[in-house]
Amino acid sequence: MTRVTVENLWKSYGDQTVLENINFVTEPGSFISLVGPSGCGKSTFLRMMLGDEAPSKGRILIDGVALEAEPSPDRGVVFQKYSVFPHLTALQNVMLGLEFAGSPIAGRLFGRARRQARAASLEMLQGVGLEQSANKYPSELSGGMQQRLAIAQALVKKPKIVLLDEPFGALDPGIRAEVHEIMLRLWREEGMTIFMVTHDLSEAFKLGTRVIAFDRRRTRPEELKAYGATVTFDLMVDGKIIPPRPETPAPLAAAAQ
Amino acid sequence: MTRVTVENLWKSYGDQTVLENINFVTEPGSFISLVGPSGCGKSTFLRMMLGDEAPSKGRILIDGVALEAEPSPDRGVVFQKYSVFPHLTALQNVMLGLEFAGSPIAGRLFGRARRQARAASLEMLQGVGLEQSANKYPSELSGGMQQRLAIAQALVKKPKIVLLDEPFGALDPGIRAEVHEIMLRLWREEGMTIFMVTHDLSEAFKLGTRVIAFDRRRTRPEELKAYGATVTFDLMVDGKIIPPRPETPAPLAAAAQ
Amino acid sequence: MRRLINRRPDAVTQLALMLLPFVIVVICYMVASEARLSENPNDKLLPGWSTIAAAIERMAFLPDPRTGNYLLWSDTVSSLTRLGIGVAVATVIGGIFGILQGLVPYFRATFNAFTGVLSMIPPLAVLPILFIIFGLGELAKVVLVAVGITPFIIRDLALRTAEIPHEEIIKAQTLGASTWQIILRVVVPQMLPRLIDGVRLSLGAAWLFLIAAEAIASDSGLGYRIFLMRRYLAMDVILPYVAWITILAFSLDLALRLFQRVAFRWMYRGNGL
Amino acid sequence: MRRLINRRPDAVTQLALMLLPFVIVVICYMVASEARLSENPNDKLLPGWSTIAAAIERMAFLPDPRTGNYLLWSDTVSSLTRLGIGVAVATVIGGIFGILQGLVPYFRATFNAFTGVLSMIPPLAVLPILFIIFGLGELAKVVLVAVGITPFIIRDLALRTAEIPHEEIIKAQTLGASTWQIILRVVVPQMLPRLIDGVRLSLGAAWLFLIAAEAIASDSGLGYRIFLMRRYLAMDVILPYVAWITILAFSLDLALRLFQRVAFRWMYRGNGL
Amino acid sequence: APKKDFKVGWSIYVGWMPWGYAQDNGIVKKWADKYGLNIELVQFNDYIEGINQFTAGAYDGIMSTNMDALAIPSAGGVDSTILIICDYSNGNDVIILKDKDALEDIKGQKVNLVELSVSHYTLARGLESVGMSEKDVTVVNTSDADMIAAWGTNDVTAMVTWNPMAAEILTGENANNVFDSEKLPGEIQDSLVVNTKTLEENPDFGKAMTGIWYETMALMSADNEAAIAAKTAMGTASGTDLEGYEAQLAATEMFYTPQDYISFAESDLEKTTTFVTKFLFDHGLLGQDATSPGYIGIELADGKVVGNADNVLLRYTTEYAKLAADGKL
Ligand SMILES: Nc1ncnc2c1ncn2[C@@H]1O[C@H](COP(=O)(O)OP(=O)(O)OP(=O)(O)O)[C@@H](O)[C@H]1O
Ligand SMILES: Nc1ncnc2c1ncn2[C@@H]1O[C@H](COP(=O)(O)OP(=O)(O)OP(=O)(O)O)[C@@H](O)[C@H]1O
Ligand SMILES: [Mg+2]
Ligand SMILES: [Mg+2]
């Protein structure tokens, strides 16, 4: 079980401050929804969680240890687009992570190791309902199937933390609900911590155990550069859907408990 | 005021039937929302309305006259993407339609005609709230601004019919609501007929005076090729938001009255 | 009347239109040839069909009295061998450098400017230097072809590699891939079809360099024959040779395209439903 | 230890790495030149710096005793004039045919296959025909350059034109545009920057054809000088000329890129917020 | 170990075709085997490229004119020896005018030729003979491969070129031979040039080459079927037929026997040599340091040095031909 601590985190690009003084601690096994207006820095935050970007100030700890400064298999990710490899079939996409671990030079498994990886991957595919499409290429899958594949691909490595950047934005409502179910089931089974960025508040509250909103506090044009977004509301959801109440941001301190 | 009659319309690509036996008549000044699952042929229907595709069978009449077999200025269009010209500023984008009409050879207006077109276009831009951005290129505008620009560009020609293909799909909820207001205002002012394809049922009911759903009646694999989608429900909305009731499709005949 | 832009020719018209410019060229040739031959029946510039046919028979279907070879075929074998090796070498080097330049920042910093400058040097101008360094044997010709097209292939592939969505590279890392594994399993398989595109684009230049190299030092090859015959203005041989080179170039291009389709099915399956 | 792929050189390292391959080439040259000169002080193949400097002074800064011209400059003017005219002609023809081929189905049906075949013919092989038709003067050189690159420009631009989203063309029609108006106001403005890309891509080939043409019949020009100097292995002149051509090619490319930035601001503004 | 492998370049020219024939018909191999060597004759499509390769040290011998030998390897500091003079041009290099028939008419015209080649030399000597100089014409460098095509264009009114192109052009009605190398006997020598150092260290190489040459010469100069067959093969190889090849031979003074060569080489070559050095010096072809036409010394067959005796870089030798004449090879 994993606890993520975000301490006094700032991020600027040049003289443009994007994120300002972000602080929170997550309970092990949390499902955290990140919401906020476009351009407020949600993806930037995820990139820092991944290690793809370095914070300008402050730090992120995982179970008390500063996180590795580059992407690693303990943090899985699903992007809105380009999340699966177009040149591999669904099954190959899922097996890939296992092959990387098992074969540093060839990047491919053979013989028994391969059969094991294959079995594990097929099971994973079954978990997301893609066992019928194991031998199809991503371009032959619908958007919803591609996102389910991306989830299977990320989860087969059993990461401690999963980062989702608007993973369901492109799906239509019916398929979206279906993927939500799969996501929740896997989260409960695996006990990992999930961060999910979404634009859809009802999705945020339906899935998250906690909803954190980023926004700028100061929006006067002359202040835009110097001040970034920070946590403007932070709600525990306790597993049931609560409608958004953006007018009463919970104090930061309450969240850190 | 325009009445569109769709009579016994079929469309196939090769031996794949996409649309099958579509029939309806619209009241003048209707705002028709078209909904249906992905791939059911909504865009294909709009392309036939545009004259970009020819029906395989049946016909479309506008005020009793078969429609021109190629796009013409009486039918404006706003696509989800690529709806404005990237190499023209917002103002130039709106003026373009007026310049085409006024200058067959040069495609540009000069002197007084130009000043008039400019004034009309600026007014249109004001109508969609873009007067501040008149001299910006589309790449400098946000997605919502680009779609508002596309609407202004289409409406400056005062088309009898406006066709919208998922025009607001890429916008986030706040901006979307804002563009809805603009769209409704312009529709009321101009009295044109609007066809809008959307995936969002609440949008369909919020904006439409009538909601038409396309779907396949037969979905057994061996039937997929031979049978296309047709009108599976058709509801008059009367200007207020009614929740979707897909389980009770209204009979075709009711709609045709 | 529909707009021109919306009018599509039917299949028959399409075929007729396609043939039209070729027919016009042939007619122009015939008229000009006729005119010149009626003035001077020995004119070599625009020989008549029968002269050309005789030349084709001599070059392709009768053994050369001196060497006993069928010249057209032995020339073709020589040229294609050189071209093939040169292009293969360029492909391998271009593939390796292109991918590394596109992917590894240190590699890019080192070689980007250098390959940029290299690609601007006109190889014909350094031909003498190449011949001096690589001698005049087959090696020099192969090297000229390779030197001529490698910088282009590198630059093209480096750009394409840099276009791989950053998300894919991040994703591979979250799956535990090392740099080497990323190259092997993520980048190379996706870049192979692009590399073939790059090779196809540079085939024209490759032919050019091959012909230029064969013009200078050789005793066989399509370019050699053309330059030898040029001394005598033997257009009855040159024209069929040019046509033959054109056919070969076309077939090579087609073969590469077909290979791409067969070998990289993932690019052509489905259409992102 | 981070993955190689995630490590970025800082600005100073970047500069050092960039210079590295150039420095290595220079050192290799110096060593090889030193070695040859110590064996034979008159060696012409790899002249020392002082010999090269003397040759540069002679060609660029002293008038030629026979003609009174400063040879480097008069050669440069000749070559750039030919190149410029040839490329300009190719650009105009390529622009017109490319756009029509990409946009108008009837036009495409007529010319697509033809330009495809044309682009496969190696222009060097048909030189004699070009000479007879266009003479041996400046015209022939300009024509060779133009003939050499036009098919490529046409094909490139036709592809790019066909890539214009169908939605834009439909949209223009719903705004009442005729085919001509679509070409004038929608297609041409968007294709001009692509056309410049096409020209940039074909500049390398243009230089090649220019040098080939100048090698065949000329009395001035950079290619003429190189091939003349090759007659007695005057590498002290050839090397600076090659470097100079490289610099010119680089500058032309840069100039076109800058022009593109200035003239087509819409392509570079914003980033699709 | 002593050097065993030798490479010699040749290019297509009437006087050098026998080398290709010797290679194809085992004569080269026979003589190479006799001396335990490997000799490879390589054909250059581009004559100058071969000389450049020789100068750069990639080849041990090359077929070259005396003038190019002096301007390229010798001026490039490579001490070279003319081992055999195969022939001299006796009408092979021709000044051709369109529609005019006197050399004087060339004044003011553009003249297409391979600049700095023997054609250029022929032009210079021709102009001299009628009291003009190069200033009276404009020289346009034209690739030898394109001379015939160039002649067909309206731009071209005057041309200097060599056989077989000259013969082909002269078949046209409007082409007139106004000057040719028949008037410059012995000045344009087509020779086998070898690296002096290589020759000194490997006399067997010189012997083998000499043996190859005179055996081939004996074969082709005989009056029998074999000679006809040989000349036919040489004609075909140079892109023409027996008749065309015979016509070219007519404009070439071949040295069929060692004696022919020895008596030519030991005659007074000093005068011809001076013409050549002057031409080269005037065109800046003796190197940047050259201060006079005699800057590079030329050692004649009798040991006499023309020009700078401290800088001898081109040598004539009849030593090997004498062995051949004496049957001592
Ligand atoms: N590499 C970069 N260089 C400079 N500015 C950047 C960079 N990446 C992001 N930004 C800026 O940082 C801000 C936050 O971007 P980010 O992508 O994190 O927003 P977001 O909250 O994910 O928005 P969206 O909801 O639209 O995805 C934006 O203003 C963006 O322009
Ligand atoms: N040019 C074409 N050739 C062949 N099939 C086509 C063509 N255009 C569309 N189709 C097919 O017709 C069907 C309907 O496509 P259409 O784009 O109209 O669907 P849609 O309802 O707009 O879907 P979406 O909601 O995803 O936009 C699809 O199965 C599609 O594959
Ligand atoms: Mg984002
Ligand atoms: Mg659609």
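**A predicted model, chain by chain**

Just after helix H7 of chain C, Gly176(C) takes a positive phi of about 95°. This is a predicted model, where local features need pLDDT of at least 70, side-chain atom pairs count only at pLDDT 80 or more, and totals for chains, interfaces and linings use all residues. Residues are numbered from 1 along each chain as its sequence is written, chains are lettered from A and ligands numbered from 1 in the order in which they are written, and side-chain values use heavy atoms, with hydrogens and water left out.

User: How many of the nine residues of helix H7 (residues 166–174) of chain C are buried?

Analyst: Helices here are DSSP runs (H or I, at least four residues), numbered from the N terminus. Buried means under 20% relative accessible area, with a 1.4 Å probe and protein chains only. Among the buried residues are Glu168(C) and Thr174(C). H7(C) is mostly covered, and its buried count is seven.

User: What share of the area buried between chain D and chain C do carbon and sulfur atoms give?

Analyst: Buried area is the accessible area (1.4 Å probe) that two parts lose on being put together, summed over both. Between chain D and chain C it is about 5700 Å². Carbon and sulfur atoms give 80%.

User: How many salt bridges are there between chain D and chain C?

Analyst: A salt bridge needs a side-chain nitrogen of Lys or Arg within 4 Å of a carboxyl oxygen of Asp or Glu. Between chain D and chain C, the count is zero.

User: What ipTM does the model score?

Analyst: The pTM is 0.83. The ipTM is 0.81.

Terms used. Buried means under 20% relative accessible area, exposed over 50%, partly exposed in between (1.4 Å probe, protein chains only). Helices (H or I, at least four residues) and strands (E, at least two) are DSSP runs, numbered from the N terminus.
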